[in-house]
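Please read these notes with the structure open beside you. They are numbered so that you can check them one at a time.

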Amino acid sequence: MIETLNEFLLSFSSAVSNCSLYSGEHASVSEFITKTIDVLNILFNNSDSVEIMVIEDDIVVNKTLIRNAGIHVINLMKKLKRKGISRVDILKGVEFNEIKDFIVSLLDKEKTVKGYPHIVTGIVDIRLGGQKLAEDFKIGDISKLSGLQADGVREIFTGVSHFKKLETYGLEEIVLKFAAAFKRESNVLKLLCPVKSTSEYTYVHATNVAVLSMFQAESLGVREDLKHDIGIAALLHDVGKVFINVNILEKKEKLNDREWNEIKLHTVYGSKYLAKINGLTRLAPIVAYEHHLRFDGKGYPEIKNNSRKQHICSQIVAISDYFDALRSRRPYRKEQEFEEILFLMKNESEGMFNPFLLDNFIKSMFRVLSG
Ligand SMILES: [Fe+2]
Ligand SMILES: [Fe+2]
């Protein structure tokens, strides 16, 4: 499959390069467009669309990172970036003239690239919302709080995955609401949201990890502004998953090595993506990159020669992440009781977590459970 994706990218980008060298009418352009359509038709046997994403300096086709793609592909990425396009979806049924017109308008500095029936372009972007004061938020039924927040997070993730600009909920707002909620509700467990369906897992999980991480920060006496940044970073720790094939993410059977390796890439995609966002705390890309690293230097992404130490905020998020993964009803795991999970974390996680932070987390949770 990867060869076909490479072949597609090579013919498509060659059509673009040739069009900029000569013109849309040149025979070589027609040749490469025809070749592009031939390869697309092979890819359309498996899916109804082929997507190209530009994530910083990488190009990803159908969720597969294409390495060392060559000069034409670099040129294509430049042209897309110049127009502010970070995603192109080519849909089944695309015709020769649509591709040609798209390429011509992509190369024309004056023209904006319009939509075509079978070519959809978009921008990958997260917007930070306005800072609404936490006092605005009236908590009626505290148990509904994190459900409400999960909806906000859902919109943020949907915005990313559908590649629309986000104007909806601000992350700032969500985190400020958490901070306000902690002041009113001492039982953090009541702020956690149950998972109702597998497709909801991502949003609910993000929300819960943020709540648990801010709870840890609070129990450690961390400064308000840092606590706030930890909340934002925790909300976004798994954002790279929107770049991973949903069939793999939601697969109920055991994953094979190739699928596992793809899942592991969510750390890299997420951090690259978050690093580009202006105004976002620098902790967010760090935590996205490091949240599956372990205290003993193992985990992923693989760090050569132990040359990178996990940031303390990533260590906090890693604990919350693990706890929430265990407590949630995942396709392959039954829900476990809180205490049981805490014992499990204490006894069977050697080398995974910062022992001081783990101890603090377990003690603080037991305080909540007994109080
Ligand atoms: Fe993750
Ligand atoms: Fe996670």
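1. Five strands form an open sheet in the order β3-β2-β1-β4-β5, with antiparallel pairing. Strands (E, at least two residues) and helices (H or I, at least four residues) are DSSP runs, numbered from the N terminus; two strands pair if DSSP finds at least two bridges between them. The edges are β3 (64–66) and β5 (119–122), each with a single partner strand, so one side of each has no neighbour in the sheet. From one strand to the next, the twist averages 20°.

2. This is a predicted model: local features need pLDDT of at least 70, side-chain atom pairs count only at pLDDT 80 or more, and totals for chains, interfaces and linings use all residues. Residues are numbered from 1 along each chain as its sequence is written, and chains are lettered from A and ligands numbered from 1 in the order in which they are written.

3. Strand β2 (residues 58–61) runs antiparallel to β3 and is joined to it by 3 bridges. Opposite V60 stands L65 in β3.

4. Helix α1 (residues 2–21) lies across β1 (49–55), β2 and β3, at about 55° to β3. Axes are lines fitted to C-alpha atoms, for helices over the stretch in contact (C-beta atoms, placed from the backbone, within 7 Å); angles run from 0 to 180 degrees between N-to-C directions.

5. Why is helix α12 (residues 283–290) largely enclosed? Because 7 of its 8 residues are buried, that is, 20 or more other C-beta atoms, placed from the backbone, lie within 10 Å of their own. The cover includes α8 (224–235), α11 (266–275) and α13 (312–327).

6. Y300 and P301 are joined by a cis peptide bond, with omega about -5°. Most peptide bonds are trans. P301 is in the loop between α12 and α13.

Technical notes
A residue is buried if 20 or more other C-beta atoms lie within 10 Å of its own, exposed if 12 or fewer, and partly exposed in between; C-beta atoms are placed from the backbone. Two residues are in contact if their C-beta atoms, placed from the backbone, lie within 7 Å.
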